[in-house]
Amino acid sequence: MSDSHSNPGPEQQFHDALSHGQFQIQHCADCDRYVFYPRVQCPHCGGHHLSWVRPAGLGTVYSVTIVRKKPADGGDYNVVLVDLQEGVRLMGRVDGIANEAIRIGMRVHVEVKQEGGKAIVVFVPNAGVIA
Amino acid sequence: MMAELRGKLAIAGVGLAGCGEAPGRTEIEILADASRLAVADAGLTLRDIDGLLTASTTSFMPALSVAEYLGIRPSFSDSNSVGGASFVSHLIPAALALEAGLCNAVLVAYGSNQRTGMGRRNQGKIKAELDPMAYEAPYRPFNPPTSYALAAARHMYQYGTTREQLAEVAVAARRWAQKNPEAFVRDPLTIDDVVNSRMISDPLTVRNCCLVTDGGGAFVLTRADRARALPQPPVFVLGMGAAHWHRQISQMPDLTVSAASESGPKAFAMAGLHPADIDVVELYDAFTINTILFLEDLGFCEKGAGGGFVEDGAIAPGGRLPVNTNGGGLSCVHPGMYGIFTIVEAVRQLRNQAGERQIAGAEVALCHGNGGMLSSQVTAILGTAATV
(Lines give C-alpha, C1' and ligand atoms only; values in the text may rest on other atoms or scores of the structure.)
Protein backbone atom coordinates (compact mmCIF):
# COMPACT_ATOMS: atom_id res chain seq x y z
CA MET A 1 0.00 0.00 0.00
CA SER A 2 1.19 3.49 -0.70
CA ASP A 3 -0.16 6.99 -0.44
CA SER A 4 0.03 9.74 -2.96
CA HIS A 5 2.64 12.29 -1.96
CA SER A 6 2.06 14.76 -4.76
CA ASN A 7 0.85 17.52 -2.39
CA PRO A 8 2.74 19.25 0.39
CA GLY A 9 2.24 17.77 3.84
CA PRO A 10 0.10 19.28 6.59
CA GLU A 11 2.98 21.20 8.14
CA GLN A 12 3.61 23.16 4.96
CA GLN A 13 -0.12 23.56 4.32
CA PHE A 14 -0.52 25.02 7.82
CA HIS A 15 2.26 27.54 7.30
CA ASP A 16 1.03 28.45 3.80
CA ALA A 17 -2.44 29.27 5.18
CA LEU A 18 -0.96 31.13 8.14
CA SER A 19 1.18 33.26 5.84
CA HIS A 20 -2.14 34.38 4.26
CA GLY A 21 -3.47 35.31 7.70
CA GLN A 22 -5.53 32.14 8.18
CA PHE A 23 -5.06 30.07 11.35
CA GLN A 24 -6.32 26.53 10.81
CA ILE A 25 -6.44 23.40 12.89
CA GLN A 26 -7.47 19.91 11.85
CA HIS A 27 -10.68 18.02 12.51
CA CYS A 28 -10.86 14.23 12.47
CA ALA A 29 -13.92 12.82 10.67
CA ASP A 30 -13.33 9.40 12.26
CA CYS A 31 -13.49 10.42 15.93
CA ASP A 32 -14.93 13.95 15.67
CA ARG A 33 -12.05 15.49 17.63
CA TYR A 34 -9.77 18.40 16.80
CA VAL A 35 -6.04 18.06 16.27
CA PHE A 36 -3.13 20.43 16.84
CA TYR A 37 -0.29 20.46 15.84
CA PRO A 38 -1.00 19.39 12.24
CA ARG A 39 -0.35 15.75 11.41
CA VAL A 40 -0.95 13.24 8.63
CA GLN A 41 -3.11 11.16 10.96
CA CYS A 42 -5.20 11.65 14.07
CA PRO A 43 -3.29 11.12 17.35
CA HIS A 44 -6.56 10.32 19.14
CA CYS A 45 -7.81 7.46 16.94
CA GLY A 46 -5.22 6.84 14.22
CA GLY A 47 -7.68 7.80 11.51
CA HIS A 48 -6.42 9.71 8.50
CA HIS A 49 -9.55 11.59 7.46
CA LEU A 50 -8.35 14.96 8.68
CA SER A 51 -9.64 18.21 7.24
CA TRP A 52 -8.73 21.84 7.89
CA VAL A 53 -11.13 23.99 9.85
CA ARG A 54 -10.95 27.59 11.08
CA PRO A 55 -11.41 27.51 14.84
CA ALA A 56 -13.51 30.13 16.59
CA GLY A 57 -10.22 31.56 17.83
CA LEU A 58 -11.33 31.74 21.46
CA GLY A 59 -9.32 30.24 24.27
CA THR A 60 -8.32 30.24 27.91
CA VAL A 61 -4.82 30.63 29.34
CA TYR A 62 -3.88 27.21 30.80
CA SER A 63 -0.48 28.27 32.13
CA VAL A 64 1.89 31.21 31.90
CA THR A 65 5.52 32.03 32.57
CA ILE A 66 7.66 35.11 32.04
CA VAL A 67 11.09 34.44 30.58
CA ARG A 68 13.49 36.86 32.23
CA LYS A 69 16.09 38.41 29.95
CA LYS A 70 18.31 41.45 30.40
CA PRO A 71 17.17 44.53 28.46
CA ALA A 72 20.31 44.17 26.32
CA ASP A 73 19.07 40.70 25.32
CA GLY A 74 15.62 41.99 24.40
CA GLY A 75 14.02 42.08 27.86
CA ASP A 76 11.36 39.92 29.46
CA TYR A 77 8.64 38.16 27.46
CA ASN A 78 5.77 35.82 28.26
CA VAL A 79 5.15 32.26 27.12
CA VAL A 80 1.69 30.79 27.58
CA LEU A 81 -0.21 27.61 26.92
CA VAL A 82 -3.73 28.29 25.69
CA ASP A 83 -6.61 25.83 25.47
CA LEU A 84 -8.81 26.63 22.48
CA GLN A 85 -12.53 26.14 22.80
CA GLU A 86 -12.20 23.24 20.30
CA GLY A 87 -10.14 21.31 22.88
CA VAL A 88 -6.60 21.68 21.53
CA ARG A 89 -3.70 23.31 23.36
CA LEU A 90 -1.11 25.64 21.82
CA MET A 91 2.00 27.36 23.02
CA GLY A 92 1.82 31.08 22.38
CA ARG A 93 2.29 34.59 23.64
CA VAL A 94 -0.22 37.09 24.96
CA ASP A 95 0.10 40.58 23.50
CA GLY A 96 -1.59 43.80 24.51
CA ILE A 97 -1.23 43.39 28.28
CA ALA A 98 1.61 43.62 30.79
CA ASN A 99 3.37 40.27 31.30
CA GLU A 100 2.64 40.37 35.04
CA ALA A 101 -1.09 40.87 34.39
CA ILE A 102 -1.53 37.62 32.47
CA ARG A 103 -3.47 35.13 34.56
CA ILE A 104 -4.26 31.45 34.25
CA GLY A 105 -7.95 31.25 33.33
CA MET A 106 -7.87 34.52 31.36
CA ARG A 107 -10.00 34.50 28.19
CA VAL A 108 -8.05 35.34 25.05
CA HIS A 109 -8.49 35.26 21.29
CA VAL A 110 -6.24 34.49 18.36
CA GLU A 111 -4.54 37.03 16.12
CA VAL A 112 -2.18 36.22 13.28
CA LYS A 113 0.81 38.56 13.16
CA GLN A 114 3.69 38.97 10.75
CA GLU A 115 7.02 38.92 12.58
CA GLY A 116 10.41 38.97 10.95
CA GLY A 117 8.89 37.87 7.64
CA LYS A 118 6.99 34.98 9.22
CA ALA A 119 3.36 34.65 10.26
CA ILE A 120 2.74 33.55 13.86
CA VAL A 121 -0.28 33.02 16.07
CA VAL A 122 -0.49 35.24 19.14
CA PHE A 123 -3.22 35.77 21.70
CA VAL A 124 -4.93 38.97 22.81
CA PRO A 125 -7.08 39.36 25.94
CA ASN A 126 -10.80 39.54 25.27
CA ALA A 127 -12.54 42.86 25.78
CA GLY A 128 -13.24 43.54 29.42
CA VAL A 129 -9.85 42.34 30.62
CA ILE A 130 -8.05 45.23 32.31
CA ALA A 131 -4.47 45.56 31.14
CA MET B 1 6.09 -11.40 32.72
CA MET B 2 7.93 -8.53 34.37
CA ALA B 3 7.12 -9.83 37.85
CA GLU B 4 9.08 -12.98 36.96
CA LEU B 5 12.20 -10.81 36.62
CA ARG B 6 11.96 -9.59 40.22
CA GLY B 7 15.29 -10.26 41.93
CA LYS B 8 16.79 -12.00 38.85
CA LEU B 9 19.19 -9.19 38.02
CA ALA B 10 21.60 -7.26 40.21
CA ILE B 11 23.87 -4.26 40.02
CA ALA B 12 27.36 -5.52 40.77
CA GLY B 13 29.41 -2.37 40.35
CA VAL B 14 29.09 1.41 40.16
CA GLY B 15 31.45 4.27 39.30
CA LEU B 16 31.47 8.05 39.06
CA ALA B 17 34.00 10.27 37.30
CA GLY B 18 34.57 13.93 36.55
CA CYS B 19 31.61 15.10 38.64
CA GLY B 20 31.59 18.88 39.04
CA GLU B 21 34.28 20.19 36.73
CA ALA B 22 36.52 18.14 34.46
CA PRO B 23 38.25 20.79 32.34
CA GLY B 24 40.06 19.55 29.25
CA ARG B 25 38.26 16.20 29.32
CA THR B 26 36.08 14.90 26.51
CA GLU B 27 32.72 13.27 27.17
CA ILE B 28 33.96 9.84 26.23
CA GLU B 29 37.03 10.18 28.46
CA ILE B 30 34.75 10.93 31.43
CA LEU B 31 32.46 8.04 30.45
CA ALA B 32 35.42 5.65 30.16
CA ASP B 33 36.80 6.71 33.56
CA ALA B 34 33.42 6.03 35.20
CA SER B 35 33.14 2.73 33.33
CA ARG B 36 36.58 1.54 34.42
CA LEU B 37 35.70 2.27 38.04
CA ALA B 38 32.32 0.51 37.77
CA VAL B 39 33.82 -2.59 36.14
CA ALA B 40 36.60 -2.76 38.74
CA ASP B 41 34.05 -2.23 41.53
CA ALA B 42 32.18 -5.25 40.16
CA GLY B 43 35.36 -7.32 40.34
CA LEU B 44 35.33 -7.73 36.56
CA THR B 45 37.46 -6.55 33.64
CA LEU B 46 36.32 -4.91 30.39
CA ARG B 47 36.88 -8.30 28.73
CA ASP B 48 33.88 -9.56 30.75
CA ILE B 49 31.58 -6.83 29.42
CA ASP B 50 29.48 -8.16 26.55
CA GLY B 51 26.48 -5.84 26.81
CA LEU B 52 26.50 -2.05 26.48
CA LEU B 53 23.84 0.60 26.98
CA THR B 54 24.56 4.27 26.65
CA ALA B 55 22.97 7.51 25.50
CA SER B 56 24.25 10.94 24.64
CA THR B 57 22.95 14.38 23.77
CA THR B 58 25.79 14.94 21.32
CA SER B 59 26.68 11.62 19.66
CA PHE B 60 24.61 10.15 16.82
CA MET B 61 25.66 6.53 17.39
CA PRO B 62 26.80 6.49 20.99
CA ALA B 63 26.92 2.71 21.48
CA LEU B 64 29.27 2.40 18.52
CA SER B 65 31.53 5.20 19.71
CA VAL B 66 31.68 3.91 23.27
CA ALA B 67 32.31 0.26 22.35
CA GLU B 68 35.09 1.28 19.98
CA TYR B 69 36.69 3.56 22.58
CA LEU B 70 36.55 0.93 25.33
CA GLY B 71 37.76 -1.78 22.95
CA ILE B 72 34.81 -4.07 23.56
CA ARG B 73 32.69 -6.06 21.11
CA PRO B 74 29.27 -6.28 22.77
CA SER B 75 26.93 -9.06 21.71
CA PHE B 76 24.07 -6.77 22.81
CA SER B 77 23.96 -2.99 22.68
CA ASP B 78 21.33 -0.28 22.67
CA SER B 79 21.39 3.48 22.85
CA ASN B 80 17.75 4.37 23.23
CA SER B 81 17.52 7.96 24.38
CA VAL B 82 14.57 9.14 26.43
CA GLY B 83 16.48 12.19 27.64
CA GLY B 84 17.65 12.23 31.23
CA ALA B 85 15.55 9.17 32.09
CA SER B 86 17.93 7.13 29.93
CA PHE B 87 20.25 4.91 32.00
CA VAL B 88 17.38 4.24 34.42
CA SER B 89 15.40 3.17 31.35
CA HIS B 90 18.36 1.08 30.19
CA LEU B 91 17.74 -1.29 33.08
CA ILE B 92 14.76 -2.72 31.19
CA PRO B 93 16.42 -3.80 27.92
CA ALA B 94 19.53 -4.80 29.90
CA ALA B 95 17.46 -7.08 32.12
CA LEU B 96 15.63 -8.63 29.16
CA ALA B 97 18.89 -9.19 27.27
CA LEU B 98 20.55 -10.82 30.28
CA GLU B 99 17.55 -13.05 30.92
CA ALA B 100 17.40 -14.03 27.24
CA GLY B 101 21.08 -14.99 27.35
CA LEU B 102 22.11 -12.39 24.78
CA CYS B 103 24.89 -11.29 27.10
CA ASN B 104 26.26 -11.89 30.58
CA ALA B 105 27.53 -8.56 31.94
CA VAL B 106 26.02 -5.24 30.86
CA LEU B 107 27.74 -1.90 31.23
CA VAL B 108 25.44 1.14 31.40
CA ALA B 109 27.52 4.30 31.05
CA TYR B 110 27.28 8.05 30.62
CA GLY B 111 29.71 10.95 30.42
CA SER B 112 29.32 14.66 29.77
CA ASN B 113 31.50 17.75 29.81
CA GLN B 114 28.53 20.07 29.60
CA ARG B 115 30.00 22.63 32.02
CA THR B 116 33.53 23.06 30.72
CA GLY B 117 33.31 21.66 27.19
CA MET B 118 31.63 22.89 24.01
CA GLY B 119 29.31 25.81 24.72
CA ARG B 120 25.73 24.95 25.54
CA ARG B 121 24.55 27.82 23.31
CA ASN B 122 26.26 26.31 20.30
CA GLN B 123 24.76 22.93 21.05
CA GLY B 124 21.33 24.51 21.44
CA LYS B 125 21.59 26.21 18.04
CA ILE B 126 22.67 23.02 16.31
CA LYS B 127 19.87 21.00 17.93
CA ALA B 128 17.28 23.63 16.95
CA GLU B 129 18.38 23.16 13.33
CA LEU B 130 18.37 19.37 13.40
CA ASP B 131 15.33 18.77 15.58
CA PRO B 132 13.06 21.83 15.49
CA MET B 133 9.99 22.12 17.68
CA ALA B 134 8.20 24.05 14.93
CA TYR B 135 5.06 24.93 16.88
CA GLU B 136 6.81 26.07 20.07
CA ALA B 137 10.01 27.65 18.75
CA PRO B 138 8.39 30.92 17.54
CA TYR B 139 7.58 31.78 21.17
CA ARG B 140 11.20 31.28 22.31
CA PRO B 141 10.63 29.06 25.35
CA PHE B 142 13.89 29.13 27.34
CA ASN B 143 13.97 25.37 27.66
CA PRO B 144 14.09 23.35 29.69
CA PRO B 145 13.30 25.92 32.46
CA THR B 146 10.29 27.45 30.66
CA SER B 147 8.49 24.12 30.22
CA TYR B 148 8.99 23.17 33.88
CA ALA B 149 8.00 26.71 34.92
CA LEU B 150 4.68 26.27 33.07
CA ALA B 151 4.10 23.07 35.05
CA ALA B 152 5.03 24.77 38.32
CA ALA B 153 2.72 27.72 37.60
CA ARG B 154 -0.17 25.38 36.84
CA HIS B 155 0.47 23.34 40.01
CA MET B 156 0.48 26.55 42.06
CA TYR B 157 -2.78 27.69 40.43
CA GLN B 158 -4.54 24.36 40.82
CA TYR B 159 -3.31 23.26 44.25
CA GLY B 160 -2.09 26.42 45.98
CA THR B 161 1.51 25.24 45.98
CA THR B 162 3.78 28.13 47.00
CA ARG B 163 7.21 29.36 45.95
CA GLU B 164 8.35 28.67 49.53
CA GLN B 165 7.31 25.03 49.15
CA LEU B 166 9.27 24.78 45.89
CA ALA B 167 12.23 26.33 47.74
CA GLU B 168 11.96 23.64 50.44
CA VAL B 169 12.99 21.10 47.80
CA ALA B 170 16.16 23.04 46.94
CA VAL B 171 17.04 23.57 50.60
CA ALA B 172 16.59 19.86 51.39
CA ALA B 173 18.84 18.92 48.46
CA ARG B 174 21.47 21.34 49.70
CA ARG B 175 21.35 19.95 53.21
CA TRP B 176 21.97 16.46 51.83
CA ALA B 177 24.79 17.80 49.63
CA GLN B 178 26.44 19.20 52.74
CA LYS B 179 26.80 15.61 53.93
CA ASN B 180 28.27 14.45 50.61
CA PRO B 181 31.93 15.35 50.00
CA GLU B 182 31.44 14.63 46.27
CA ALA B 183 28.62 17.18 45.87
CA PHE B 184 29.49 20.17 43.71
CA VAL B 185 27.73 22.89 45.74
CA ARG B 186 27.65 22.68 49.55
CA ASP B 187 27.24 26.29 50.71
CA PRO B 188 24.43 27.03 53.15
CA LEU B 189 21.10 27.79 51.45
CA THR B 190 17.85 29.13 52.93
CA ILE B 191 14.30 29.32 51.63
CA ASP B 192 14.69 33.09 51.31
CA ASP B 193 17.88 32.60 49.28
CA VAL B 194 16.01 30.37 46.85
CA VAL B 195 12.95 32.60 46.55
CA ASN B 196 15.03 35.78 46.15
CA SER B 197 17.62 34.46 43.72
CA ARG B 198 17.55 35.58 40.08
CA MET B 199 14.30 34.76 38.29
CA ILE B 200 14.81 32.58 35.21
CA SER B 201 11.27 31.74 34.07
CA ASP B 202 8.53 32.53 36.60
CA PRO B 203 8.06 31.00 39.16
CA LEU B 204 11.46 29.28 38.90
CA THR B 205 14.50 31.20 40.14
CA VAL B 206 18.00 29.99 39.42
CA ARG B 207 18.08 28.09 42.74
CA ASN B 208 14.99 26.16 41.63
CA CYS B 209 17.01 24.90 38.66
CA CYS B 210 19.56 22.10 38.63
CA LEU B 211 23.28 22.67 38.41
CA VAL B 212 25.16 22.56 35.14
CA THR B 213 28.21 20.39 35.77
CA ASP B 214 30.45 17.89 34.08
CA GLY B 215 30.31 14.29 35.16
CA GLY B 216 29.88 10.67 34.31
CA GLY B 217 28.48 7.55 35.89
CA ALA B 218 28.37 3.85 35.12
CA PHE B 219 27.02 0.63 36.52
CA VAL B 220 27.36 -3.07 35.74
CA LEU B 221 24.31 -5.35 35.68
CA THR B 222 24.53 -9.15 35.76
CA ARG B 223 22.22 -12.05 36.52
CA ALA B 224 21.70 -12.38 40.26
CA ASP B 225 23.56 -15.69 40.64
CA ARG B 226 26.71 -14.19 39.19
CA ALA B 227 26.40 -10.97 41.21
CA ARG B 228 26.28 -13.03 44.41
CA ALA B 229 29.75 -14.38 43.58
CA LEU B 230 31.26 -10.92 42.99
CA PRO B 231 32.97 -8.84 45.67
CA GLN B 232 30.35 -6.13 46.38
CA PRO B 233 26.99 -6.79 48.06
CA PRO B 234 24.62 -7.19 45.09
CA VAL B 235 21.84 -4.66 44.67
CA PHE B 236 18.87 -6.47 43.20
CA VAL B 237 16.39 -5.09 40.69
CA LEU B 238 12.97 -5.57 42.25
CA GLY B 239 10.80 -3.46 39.98
CA MET B 240 10.94 -1.41 36.78
CA GLY B 241 8.42 0.63 34.85
CA ALA B 242 8.59 3.17 32.04
CA ALA B 243 6.09 5.46 30.34
CA HIS B 244 5.99 8.51 28.10
CA TRP B 245 2.98 10.43 26.90
CA HIS B 246 4.38 13.46 25.09
CA ARG B 247 7.61 15.20 24.20
CA GLN B 248 6.83 18.94 24.01
CA ILE B 249 5.25 20.62 27.03
CA SER B 250 2.39 21.96 24.85
CA GLN B 251 1.39 18.33 24.18
CA MET B 252 1.36 17.23 27.86
CA PRO B 253 -2.25 16.36 28.66
CA ASP B 254 -2.24 17.70 32.24
CA LEU B 255 0.78 19.67 33.46
CA THR B 256 0.16 18.54 37.03
CA VAL B 257 0.24 14.78 36.26
CA SER B 258 3.33 13.15 34.76
CA ALA B 259 3.71 9.69 33.27
CA ALA B 260 5.38 8.76 36.58
CA SER B 261 1.79 7.98 37.58
CA GLU B 262 2.07 5.05 35.13
CA SER B 263 5.76 4.09 35.51
CA GLY B 264 5.57 4.09 39.31
CA PRO B 265 2.61 1.71 39.68
CA LYS B 266 4.22 -0.63 37.10
CA ALA B 267 7.45 -0.73 39.11
CA PHE B 268 5.63 -1.19 42.43
CA ALA B 269 3.49 -3.97 40.95
CA MET B 270 6.55 -5.84 39.68
CA ALA B 271 8.29 -5.42 43.04
CA GLY B 272 5.18 -6.32 45.04
CA LEU B 273 5.83 -3.26 47.18
CA HIS B 274 4.15 0.02 48.13
CA PRO B 275 5.47 3.54 48.69
CA ALA B 276 5.49 2.92 52.45
CA ASP B 277 8.07 0.15 51.91
CA ILE B 278 10.65 2.53 50.39
CA ASP B 279 13.54 3.52 52.67
CA VAL B 280 15.29 6.00 50.40
CA VAL B 281 14.13 7.88 47.29
CA GLU B 282 16.33 9.17 44.46
CA LEU B 283 14.29 11.38 42.08
CA TYR B 284 15.40 13.26 39.00
CA ASP B 285 15.19 16.84 40.33
CA ALA B 286 16.01 18.93 37.27
CA PHE B 287 13.77 21.58 38.84
CA THR B 288 12.17 21.82 42.26
CA ILE B 289 8.69 21.17 40.83
CA ASN B 290 9.90 17.72 39.67
CA THR B 291 10.35 16.45 43.20
CA ILE B 292 6.86 17.60 44.20
CA LEU B 293 5.21 16.13 41.08
CA PHE B 294 7.02 12.81 41.38
CA LEU B 295 6.32 12.39 45.10
CA GLU B 296 2.64 12.76 44.18
CA ASP B 297 2.66 10.67 41.02
CA LEU B 298 4.64 7.84 42.66
CA GLY B 299 2.15 7.68 45.51
CA PHE B 300 4.14 9.10 48.43
CA CYS B 301 1.33 11.64 48.88
CA GLU B 302 -1.99 12.59 47.27
CA LYS B 303 -2.10 14.56 44.04
CA GLY B 304 -1.78 18.23 44.91
CA ALA B 305 -0.38 17.58 48.39
CA GLY B 306 3.29 17.55 47.35
CA GLY B 307 3.93 21.14 48.41
CA GLY B 308 2.72 20.47 51.93
CA PHE B 309 4.52 17.12 51.98
CA VAL B 310 7.98 18.69 51.56
CA GLU B 311 7.47 21.45 54.15
CA ASP B 312 9.45 21.74 57.37
CA GLY B 313 12.41 19.75 56.11
CA ALA B 314 10.35 16.60 55.56
CA ILE B 315 12.62 15.33 52.76
CA ALA B 316 15.85 16.78 54.21
CA PRO B 317 18.24 14.94 56.57
CA GLY B 318 16.25 13.94 59.66
CA GLY B 319 12.91 14.29 57.84
CA ARG B 320 10.20 11.70 57.38
CA LEU B 321 11.37 10.54 53.92
CA PRO B 322 14.98 10.77 52.70
CA VAL B 323 14.91 12.15 49.14
CA ASN B 324 17.97 12.74 46.93
CA THR B 325 20.52 11.85 49.56
CA ASN B 326 23.50 12.76 47.34
CA GLY B 327 22.21 16.33 46.97
CA GLY B 328 20.45 15.60 43.68
CA GLY B 329 20.71 17.46 40.43
CA LEU B 330 20.05 20.64 42.39
CA SER B 331 23.21 20.49 44.51
CA CYS B 332 25.34 17.40 43.71
CA VAL B 333 25.80 16.91 39.98
CA HIS B 334 23.82 17.55 36.78
CA PRO B 335 25.68 17.09 33.51
CA GLY B 336 22.74 17.22 31.07
CA MET B 337 21.26 13.80 31.82
CA TYR B 338 21.08 12.94 35.51
CA GLY B 339 19.32 9.57 35.47
CA ILE B 340 22.35 7.38 36.09
CA PHE B 341 23.23 9.26 39.27
CA THR B 342 19.96 8.15 40.89
CA ILE B 343 21.10 4.54 40.42
CA VAL B 344 24.64 5.09 41.69
CA GLU B 345 23.41 6.82 44.86
CA ALA B 346 20.76 4.17 45.53
CA VAL B 347 23.37 1.43 45.17
CA ARG B 348 25.68 3.16 47.63
CA GLN B 349 22.84 3.54 50.12
CA LEU B 350 21.81 -0.12 49.80
CA ARG B 351 25.42 -1.26 50.22
CA ASN B 352 25.74 0.86 53.36
CA GLN B 353 28.56 2.85 51.69
CA ALA B 354 27.08 6.36 51.79
CA GLY B 355 29.19 7.79 54.59
CA GLU B 356 27.75 10.60 56.66
CA ARG B 357 24.52 10.61 54.62
CA GLN B 358 23.88 6.87 55.02
CA ILE B 359 20.25 5.98 55.79
CA ALA B 360 20.53 3.46 58.61
CA GLY B 361 19.19 0.05 57.64
CA ALA B 362 18.21 1.05 54.09
CA GLU B 363 16.89 -2.08 52.34
CA VAL B 364 14.73 -0.72 49.50
CA ALA B 365 15.43 2.30 47.28
CA LEU B 366 13.35 3.91 44.57
CA CYS B 367 15.10 5.56 41.62
CA HIS B 368 13.14 7.75 39.26
CA GLY B 369 14.37 9.15 35.95
CA ASN B 370 12.76 12.01 34.05
CA GLY B 371 13.51 13.08 30.49
CA GLY B 372 12.59 15.80 28.06
CA MET B 373 9.95 18.27 29.24
CA LEU B 374 8.45 16.11 32.01
CA SER B 375 8.09 13.67 29.12
CA SER B 376 9.65 10.29 29.76
CA GLN B 377 9.32 8.76 33.20
CA VAL B 378 11.12 5.64 34.39
CA THR B 379 10.93 4.12 37.86
CA ALA B 380 13.21 1.42 39.27
CA ILE B 381 12.98 -0.19 42.69
CA LEU B 382 16.20 -1.72 44.02
CA GLY B 383 16.78 -3.80 47.11
CA THR B 384 19.34 -5.62 49.23
CA ALA B 385 19.66 -9.42 49.45
CA ALA B 386 17.19 -9.35 52.34
CA THR B 387 14.44 -8.10 50.01
CA VAL B 388 14.68 -10.85 47.40
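Select strand β9 (residues 280–283) of chain B together with strand β10 (residues 364–371) of chain B. The two pair in the parallel sense over four bridges. Strands here are DSSP runs of type E with at least two residues, helices are runs of H or I with at least four residues, and both are numbered from the N terminus. Two strands pair if DSSP finds at least two bridges between them. Now pick Val280(B): opposite stands Ala365(B) in β10(B). Show the side chains of β9(B). Val280(B) and Glu282(B) point one way, Val281(B) and Leu283(B) the other way, and all are buried. Buried means that 20 or more other C-beta atoms lie within 10 Å of the residue's own; exposed means 12 or fewer, partly exposed is in between, and C-beta atoms are placed from the backbone.

A word on what you are viewing. This is a predicted model, in which local features need pLDDT of at least 70, side-chain atom pairs count only at pLDDT 80 or more, and totals for chains, interfaces and linings use all residues. Residues are numbered from 1 along each chain as its sequence is written, while chains are lettered from A and ligands numbered from 1 in the order in which they are written.

**Chain B as a whole**

Zoom out to chain B. It holds 13 helices and eleven strands. Its C-alpha trace spans about 50 × 45 × 40 Å along the principal axes. Buried residues make up 61% of the 388.

**The nonpolar core**

Which residues touch the most other members of the largest nonpolar core? Select Val106(B), Val108(B), Phe219(B), Val220(B) and Leu382(B): they do, in a core of 154 residues. Such a core is a set of buried Ala, Val, Leu, Ile, Met, Phe, Trp, Tyr and Cys residues joined through C-beta atoms within 7 Å. Next, colour helix α6 (residues 163–177) of chain B, which gives the most to this core, with nine residues.

Centre on Phe219(B). Leaving aside residues up to four places away in sequence, Phe219(B) touches Ile11(B), Gly13(B), Val14(B), Ala38(B), Val108(B), Ile343(B), Val344(B) and Val347(B). Contact means C-beta atoms, placed from the backbone, within 7 Å.

**A helix and its end**

Go to helix α3 (residues 91–100) of chain B. Leu91(B), Ile92(B), Ala94(B), Ala95(B), Ala97(B) and Leu98(B) are buried there. Gly101(B) follows α3(B), with a positive phi near 80°.

**Where the chains meet**

Show both chains. 20 residues of chain B are in contact with 19 residues of chain A. On the side of chain B that touches chain A, α5(B) gives the most, with six residues. The residues of that side divide into 13 nonpolar, three polar and four charged. Ala, Val, Leu, Ile, Met, Phe, Trp, Tyr, Cys and Pro count as nonpolar, Asp, Glu, Lys and Arg as charged, and the others, Gly among them, as polar.

**The sheet of chain A**

An open sheet of three strands in chain A has the order β2-β1-β3, with antiparallel pairing. β2 (34–35) and β3 (50–53) stand at the edges with a single partner strand each, so one side of each is left without a neighbour in the sheet. Two bridges join strand β1 (residues 25–28) of chain A to β2(A). Select His27(A): opposite stands Tyr34(A) in β2(A).

Most residues other than glycine have a negative phi, and most peptide bonds are trans. Where do you find Asp32(A)? Look in the loop between β1 and β2 of chain A. Asp32(A) is exposed, with 9 other C-beta atoms within 10 Å.

Step to the loop between β2 and β3 of chain A and pick Tyr37(A). The peptide bond from Phe36(A) to Tyr37(A) is cis, with omega near 10°.

Finish in chain B. Pro144(B) sits in the loop between α4 (120–130) and α5. The peptide bond from Asn143(B) to Pro144(B) is cis, with omega near 5°.

How values were computed:
Two residues are in contact if their C-beta atoms, placed from the backbone, lie within 7 Å.
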